[in-house]
Amino acid sequence: MRMYDLIMKKRNGGVLSEEEIRYMVNGYVSGEIPDYQMSAMMMAIFFRGMNEEETWRLTMAMAESGEMLDLSDIAGVKVDKHSTGGVGDKTSLALAPMAAACGVKIAKMSGRGLGHTGGTIDKLESFAGFSTDISTRQFIRNVNEVGMAIMGQTKDLAPADKLLYALRDVTATVDHMSLIASSIMSKKLAAGADAIVLDVKTGSGAFMKKEEDAFALAREMLAIGKNAGRNVMAIVSDMDQPLGNAVGNALEVREAIETLRGRGPEDFTQLCMELGSCMLMTAGLAGCKEEALAMLHGVIEDGRALSKLAQFVKAQGGDERMVYEPELLPKASTVTLVEAPCDGYVRRILCDEVGICSLILGGGRSRKEDIIDLSVGIVLDKKVGDRVKKGEPLAYIHSNGEDKRTACEERLLKAYEIGPERRQEGPVIRGTLK
Ligand code: URA
């Protein structure tokens, strides 16, 4: 078999066989197939697409390119959750403790932020001492003892996806449905959970800008999960404006803590409740959505969700006092008010621009090796549909350093569109699929 022939086949619109897909994935991981040939293949797939069978074969070849975690030592149904990524997406920080406090076994694999989107691991590192660099054995022990654990993707887990994702990132081949579906699902299948809940984002801050594409991606991932014998549910949710109010690592942790105290922003709370009910149902702990919602509200009201977060933080080496005293979390030196430049309604907030503002402040990385400032970010005071008067607060910038703050302020003002007529924001939950 020659990679050249496979590239030509796909370029001409052919369908790759299981054997051909395994040859190319294994050859790429072993270094026999060079980056330039794999780049050409990714571009050929980008333009010619893959059918359902090819997408499934690619997913399995990537999942099986490394270790497949065996979580059978954890009693009960193990649930993982994945979001396709966005701005202000701190969902796992609140959702996982809520679901774990209801009895779901959360065995979650998370990543770091890259570009304008944040990552759960960076956010969690706002707790002094916290680490996701734990062994599989400790991961399993923590899920058994605490009910939840979050670890980073090890180098042995789906190594083909790690290599391919980095290649796609620099060859303009990320935003393709089959490539995204196989990338996400290869990691989720290798991570070993019995049930997977997917949060597929749509809107200006998401990979899938159009809602119909987000639904198609959700369906593609559901089909892969079911083929692999896993219990899967998916939600398509809004990412046309940042989720909640806080964007930036420690600021998002604070907002998640507030949500676990029952005082979170409405859109974020609604999303956590929806995803939480999917988790409880896929785990078999609730028979219907109403029952699941009642359980989730219960653990917030009696404080069990918050104390679950504290237990989890402590079990992974973090300072759990910060859960009860969030003022101990990293804090920026300056908080600057950004005022509305005119009267009107907030008609749009360019989501990825707000993400870039946080990046400019030092809250994200442009390169993998960059060290981030956990304390900085933006807290939005006005969101789409809100009425503002000239001079009223639009947002607050939490910064360290004058130059970064000025650059962020200019860009943030441009991210807000204010007009005379009210525009209704889209619903947070666009649909649930199973
Ligand atoms: N997240 C992933 O893990 N992979 C993709 O291809 C896109 C988003």
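This is a predicted model: local features need pLDDT of at least 70, side-chain atom pairs count only at pLDDT 80 or more; totals for chains, interfaces and linings use all residues.
1. Residues are numbered from 1 along each chain as its sequence is written, and side-chain values use heavy atoms, with hydrogens and water left out.

2. Let's begin with the ligand. Around it you'll find Tyr165, Arg168, Ile180, Ser183, Ile184, Lys187 and Phe207 (a residue counts as near if one of its heavy atoms lies within 4 Å). This shell splits into 4 nonpolar, 1 polar and 2 charged residues.

3. Now look at the polar contacts (pairs of N or O atoms within 3.5 Å). Ser183 has a side-chain N or O atom 2.7 Å from a ligand nitrogen. The protein covers 92% of the 240 Å² of accessible area that the ligand has on its own (Shrake-Rupley method, 1.4 Å probe).

4. Which elements give two or more residues to the shell? They are α8 (159-169) and α9 (177-190), and α9 gives the most, with 4 residues. Helices here are DSSP runs of H or I with at least four residues, strands are E runs of at least two, and both are numbered from the N terminus.

5. On to an open sheet of 3 strands, in the order β10-β8-β12 with antiparallel pairing. (Two strands pair if DSSP finds at least two bridges between them.) β10 (387-388) and β12 (416-419) are the edges with a single partner strand each, so one side of each has no neighbour in the sheet. β8 (344-349) and β12 pair over 4 bridges; Val346 has Ile418 in β12 as its bridge partner.

6. Finally, there is an open sheet of 6 strands, ordered β3-β2-β1-β4-β5-β13, with mixed pairing. β3 (148-152) and β13 (429-433) are its edge strands, each pairing on one side only. Within this sheet, β1 (78-83) and β4 (195-202) run parallel and are joined by 5 bridges.

Terms used:
A polar contact is a pair of N or O atoms within 3.5 Å; within protein, one must be able to donate a hydrogen and the other to accept it, and residues adjacent in sequence count only if both atoms are side-chain atoms. Ala, Val, Leu, Ile, Met, Phe, Trp, Tyr, Cys and Pro count as nonpolar, Asp, Glu, Lys and Arg as charged, and the others, Gly among them, as polar.
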